[in-house]
Structures are given as C-alpha cells and as structure tokens.
Amino acid sequence: MLWITGVWGLCFVAIRLGLEDAPVLWFAALRALIAAGALLLLCLVQRRGIPRGRRTWALITLLGIVNVTVAFAAMFAGTAGMAIGAAAVLANAQPLLIILPAWWIYGEAVSVRIVLGIIAGFAGLLVVGVASGGGTGAWLSLLAAAAVTAGTLLSRALHGSDLVAASAWHFLIGGLLLAGMALLSEPAAAINWSPQFLVVLLFLSLVGTAAAFLAWFREAGRSRLNLLTAWTLLVPVIGVAVSLFLPGERPPPWAAAGTGLVLVLVSLWLVLHRPDGRTGQGRVTKDSAGRSRKGRK
C-alpha cells in the first residue's frame, strides 16, 4: 500500500504536467488505453483467457464506465481547475465514502475508533488542501472520489475472476468511451507530443494505472475495504509535497502542513492499530454460511 499510495500521489503532479500538452478527455483516454494495451499484452504473453460469463462482462463493463470513464474524466477536469493539493484531497475522499457501503454490502464491522480515525485524517487533509489553494473543480474531484469508491466496491465482486484480464478489458472499455467523448468535444490535434508529455503519459499509464490499479484490486479482493482505503489518506500528502516544486502552485503554510500531516499519521494509527497491539488490514474470508468476516493475516 505504501508504493501504491506513493505512485497515486505522484499521479496528480503528472496530470497537472500533462495537461499543459493535452486536453482533458484525450489525456484521460490515452492513460486508460495505454494501460489496457499493456495489460492485454501481458495476458497474451501469459496465455490468459478472455473473461467468460454474462455476469462477469456486465461487471467489467460497469467497472469500466464508473472506475475509468467517469473517474478519470472527473479527476483530470478537477485537477485542471484546482490547486493540486485541494484536488488530491477531494478526489481521495474514498475512506469516508466507503464506510457505509462496505458495512451494508459486505457486512464489514465499523468501530468508533475507525470512524474517528478516518474523520481525523480527512480533517487533516482539508487543512492542507484548503491552505494550498482552492479552485473551480471541487465538485468534479468529489465525483471522481465517488466513482473510484464505486469501482472499489465493484472490484470485490470480481474476486475469483482473472484480475489481470478483467483489469485490461475494463480499462479498454472505459478508455474507448473517453475517446468517443473526446472526439465529440476536443481536437486531437491539440495534443503536443513533447518528450515531457510522453514521459508523463507512460508513467501515468503503466505505473500509476496498469500496475497500481491491478495491485489495488488484488488487495480490495482480500482485505477489509474501510481499512484498505484509509491508506489513500497518504495520497494527497504526497501530492502536495511534490507539487511544492512546481511553478504556480501555492504552498501551504508550514503550520497548516504540519498540522495536517500529524492528523493524517494519527488517523492511520487509529484505523490500522488493533487493540491487541498488532497492525494490518486483515483478510476477508467466508464463514460456513457464506457471510464475509474478518480474518487475521
């Protein structure tokens, strides 16, 4: 989870840099399609089969629409209209948004300590995000957070399928929809294929999307979602820290940055620390009646 959150924190900086050379929808579409191509090539090399069954394809299609088409479009547009810190904070509201759905759909118990920890962590992110500057993309960033949350919940339903193949096809479906939207609203000729853009695009597609989302889906299939998503509280912290080196970004005051970081670290300890002194996410297993329950790693 440390490398996943680290990469996703860098993704917000990469998106801001890439938007200097490409319009929003084409940039988002290229990110998804290149990730899909890389994973499909991996499926071919490893001789993985095509997903089977109407239910599986329905889930893959819905995941592509929600987790790629909606989430990427909203995330890129939100980042274009806001400071990186504020956009990263709002787009990573997943720990708050997933508590009730994870309890209702998968029966994941939620303790007062976990709820207080997540609230404290998000409060810390708000301190950093607001202090680093706002913008016009707040609602779009929140929409991205909601879409990624829905995608995480849907990915749990794919557990047992070939996640590499499912990930590849959902990126392809979502990316094609984004490309169709881009064809209708943005000129493809507006893309400036500069060396910086190529580096940013390849990093976003191969590392920040293909590799990171595949690892995320694997963890979502075996770990408690409310504990897993708590790790994403680190994403905005990393994004804000790296954005300080970009021109035009407004650095948060040191007092706000320090307060926010302390709140995030305290919240992670509250969420991940077990009363018996152990830490970890726990695994989701099935009891004899088929209900989800938490197990020990």
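How many residues apart in helix 10 do Arg222 and Glu219 lie? They lie three residues apart, about one turn of the helix, where helices are DSSP runs of H or I with at least four residues, numbered from the N terminus.

This is a predicted model, in which local features need pLDDT of at least 70 and side-chain atom pairs count only at pLDDT 80 or more, while totals for chains, interfaces and linings use all residues. Residues are numbered from 1 along each chain as its sequence is written, and side-chain values use heavy atoms, with hydrogens and water left out.

**Salt bridges**

The structure holds two salt bridges, a term for a side-chain nitrogen of Lys or Arg within 4 Å of a carboxyl oxygen of Asp or Glu. The table lists the partners.

| Salt bridge | N to O distance |
|---|---|
| Arg48 and Asp162 | 3.0 Å |
| Arg222 and Glu219 | 2.4 Å |

Relative accessible area, computed with a 1.4 Å probe on protein chains only, sorts residues into buried (under 20%), exposed (over 50%) and partly exposed (in between).

**Aromatic residues**

There are ten aromatic pairs, counted when ring centres of Phe, Tyr and Trp (its six-membered ring) lie within 6.5 Å, with planes under 30 degrees apart called stacked, over 60 edge-to-face and the rest tilted. In one of them, the rings of Phe27 and Phe76 have centres 5.0 Å apart and planes at 80 degrees, so the pair is edge-to-face. Phe27 belongs to helix 2 (residues 24–45) and Phe76 to helix 3 (residues 54–80), so the pair ties together parts that are 49 residues apart in sequence. Phe27 is buried, with a relative accessible area of 0%, and Phe76 is likewise buried at 0%.

Another pair joins Phe213 and Phe217, whose ring centres are 6.0 Å apart with planes at 55 degrees, so this pair is tilted. Both Phe213 and Phe217 are buried.

One aromatic cluster includes Phe27, Phe76, Phe213 and Phe217, together with Phe72 and Phe171 among its other members.

Technical notes
Helix = DSSP H or I, 4+ residues; strand = E, 2+ residues; numbered from the N terminus.
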